[in-house]
Amino acid sequence: MPPPSSTGRSALARDAERLAALGLHYNVATLAIELNGPGDAVVDHLRGVIAYPNLFRSRLLTRVDAAGVPQPGWMTNEATRHMLMGNLERALSDGVLFTRDERLIREMRRMQYDKAGKPRALNKDKDDLVFAAAIALQAVYEGSSNTAV
């Protein structure tokens, strides 16, 4: 793996810019960013450089900075993974959530609980869209954002 470089940082910046443009296109939509992996850097760019005004801050999993200010984003961990999948399963079975997105449906069909009881995609299949949908649903359930940046 190559060392971190400005190229890697600019890819994250481009991702943040695309997300901001999409959010602005949809009336300053709430952006619910998963903090795992590169998400933390994307949130930093959305807040610090772009100053995007509508980032999701979970009321259940509040992260605060040194000054005690709630930080935006969602952290998926063992406990939240189960909660997200449970909410997604209920929303689908209750008809609260409906999709025709074939890629999302394909990923949902590949989900299972592994031997440890962890919800995940079969084998090495992708589950990114499933978790994106579940985090978006969580933002809706929580009443979404706090616009202070």
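How exposed is Arg110, in terms of relative accessible area? Arg110 is partly exposed, at 32%, where buried means under 20% relative accessible area, exposed over 50% and partly exposed in between (1.4 Å probe, protein chains only). The model is predicted: local features need pLDDT of at least 70, side-chain atom pairs count only at pLDDT 80 or more, and totals for chains, interfaces and linings use all residues. Residues are numbered from 1 along each chain as its sequence is written, and side-chain values use heavy atoms, leaving out hydrogens and water.

**Salt bridges**
- The structure holds three salt bridges, each a side-chain nitrogen of Lys or Arg within 4 Å of a carboxyl oxygen of Asp or Glu.
- Arg110 pairs with Asp125, the closest N and O atoms being 2.5 Å apart.
- Asp125 lies in the loop between strand 4 and helix 5 and Arg110 in the loop between helix 4 and strand 3, so the pair ties together parts that are 15 residues apart in sequence.
- Arg120 and Asp114 form another salt bridge (3.3 Å, N to O).

**Helix 5**
- Helices (H or I, at least four residues) and strands (E, at least two) are DSSP runs, numbered from the N terminus.
- Helix 5 spans residues 128–141, and its buried residues include Phe131, Ile135 and Leu137.
- After helix 5 comes Gly143, with a positive phi near 80°.

**Lining of the largest pocket**
- Helix 5 supplies ten residues, the largest share of this lining.
- Helix 1 (6–25) and helix 2 (39–50) each supply at least two residues.

Notes: Expected span 1.5 Å × (residues − 1).
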